[in-house]
Amino acid sequence: MKANRLLPVEIVFTPKWWHKNLGINFDKSFFFDVKRRVEDELKMRNYLYERFHIEGLGDAGKKKRPVAGPVHLTAGFIIPQLFGCKVNFHDGEPPDVIPLNLSGEEVQNLKKPDIFNTPPMNYLIKMMNTLEDQYGYIEGDFDWNGVLNHALDIRGQQIFIDMFEENPISKHLFEVIYETMVKFVQYIVSRTGSSSISVNRQMRNFAPSVNLHSNCSVTMISNEMYEKHLLEYDIRLSRELAPYGIHHCGGNMETVAPGYKKVK
């Protein structure tokens with residue numbers, strides 16, 4: 001590699017850092033109130049530039065932008081809410097999703113939610129409509145996580161036992177989650193043109209059209225377990241949501257790389 005080759009780097013700060021340095025509170029209105037969405041996003045862009053003076057990290061401009069999602073931090077709580085998970089919001093911390101810990105019978109009876117008749121989508125759509133009316137367009141998106149991430153929110157840690165014992169309810173749960181994810185992402189992309197920037201801000205620099213999702217909890221299982229239970233859903237996501245990518249959270253991607261290699 002040439003010594004002068006430039007590699008892209010992105011820095012994402014925690015809510016605690018933003019709260020301490022800029023006084024932003026990450027309550028519910030930060031995510032859904034139209035006025036706060038626009039004003040806080042502008043504050044964050046300007047503050048990054050004024051503090052670090054790094055081109056691309058922030059923005060010295062004063063132009064307000066209709067950013068619909070929290071693109072300066074990760075907050076993948078919308079899809080769990082569609083299934084009924086409660087979310088606790090905090091001033092200086094990311095939102096906490098409270099797992100439902102559904103029983104096996106409850107999982108067996110679980111159906112794909114009618115996402116357009118749920119409170120979180122109603123809030124989100126209302127905000128998007130208002131932004132589009134005011135600015136003529138919308139940008140930004142929401143982290144939509146991975147299948148296993150959502151399974152943990154719905155079933156709790158028991159999902160690992162389900163997979164180990166090859167309990168058929170795990171497949172039913174993954175199927176319902178997969179179908180919900182596809183419908184959610186397709187809607188967001190239809191409104192903003194992207195689904196990846198809140199997952200990994202690098203995407204805005206070179207491939208904003210890629211549908212990238214995080215696979216945080218895959219770091220907790222073996223590649224054998226991934227291929228047996230979850231690979232098929234990432235393959236199907238890659239077909240439904242092409243162009244497609246996976247953001248692997250953690251320093252052990254080599255363990256699951258053989259499985260990821262099978263995803264187009």
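Colleague: Where does asparagine 101 lie?
Modeller: Asparagine 101 is in the loop between strand 2 (96–98) and helix 5 (104–108). Helices (H or I, at least four residues) and strands (E, at least two) are DSSP runs, numbered from the N terminus. This is a predicted model, where local features need pLDDT of at least 70 and side-chain atom pairs count only at pLDDT 80 or more, while totals for chains, interfaces and linings use all residues. Residues are numbered from 1 along each chain as its sequence is written, and side-chain values use heavy atoms, with hydrogens and water left out.

Colleague: What is its phi, for asparagine 101?
Modeller: About 50°, a positive value, although asparagine 101 is not a glycine. Most residues other than glycine have a negative phi.

Colleague: And asparagine 145, what about its phi?
Modeller: Phi of asparagine 145 is positive too, near 55°. That residue sits in the loop between helix 6 (119–135) and helix 7 (147–155).

Colleague: Is asparagine 145 buried or exposed?
Modeller: Buried, at 9% relative accessible area. Buried means under 20%, exposed over 50%, and partly exposed in between (1.4 Å probe, protein chains only).

Colleague: Changing topic. Which residues does the cis peptide bond join?
Modeller: Alanine 242 and proline 243, with omega about -5°. Proline 243 belongs to the loop between helix 12 and strand 4 (244–247). Most peptide bonds are trans.

Colleague: Now salt bridges. How many does the structure hold?
Modeller: There are 13. A salt bridge here is a side-chain nitrogen of Lys or Arg within 4 Å of a carboxyl oxygen of Asp or Glu.

Colleague: What does lysine 43 pair with?
Modeller: Aspartate 40, with the closest N and O atoms 3.9 Å apart. Both residues are in helix 3 (residues 34–52), three residues apart, which is about one turn of the helix. Lysine 43 is partly exposed at 44% relative accessibility, whereas aspartate 40 is buried at 6%.

Colleague: And which partner does arginine 45 have?
Modeller: Glutamate 41, at 2.8 Å between the closest N and O atoms. Arginine 45 and glutamate 41 are four residues apart in helix 3, so about one helical turn separates them. Both are buried.

Colleague: Where are lysine 171 and glutamate 232?
Modeller: Their side chains meet in a salt bridge, 2.8 Å from N to O. The pair links distant parts of the chain: lysine 171 is in helix 9 (residues 168–192) and glutamate 232 in helix 12 (residues 231–240), 61 residues apart. Lysine 171 is partly exposed at 44%, and glutamate 232 is partly exposed at 31%.
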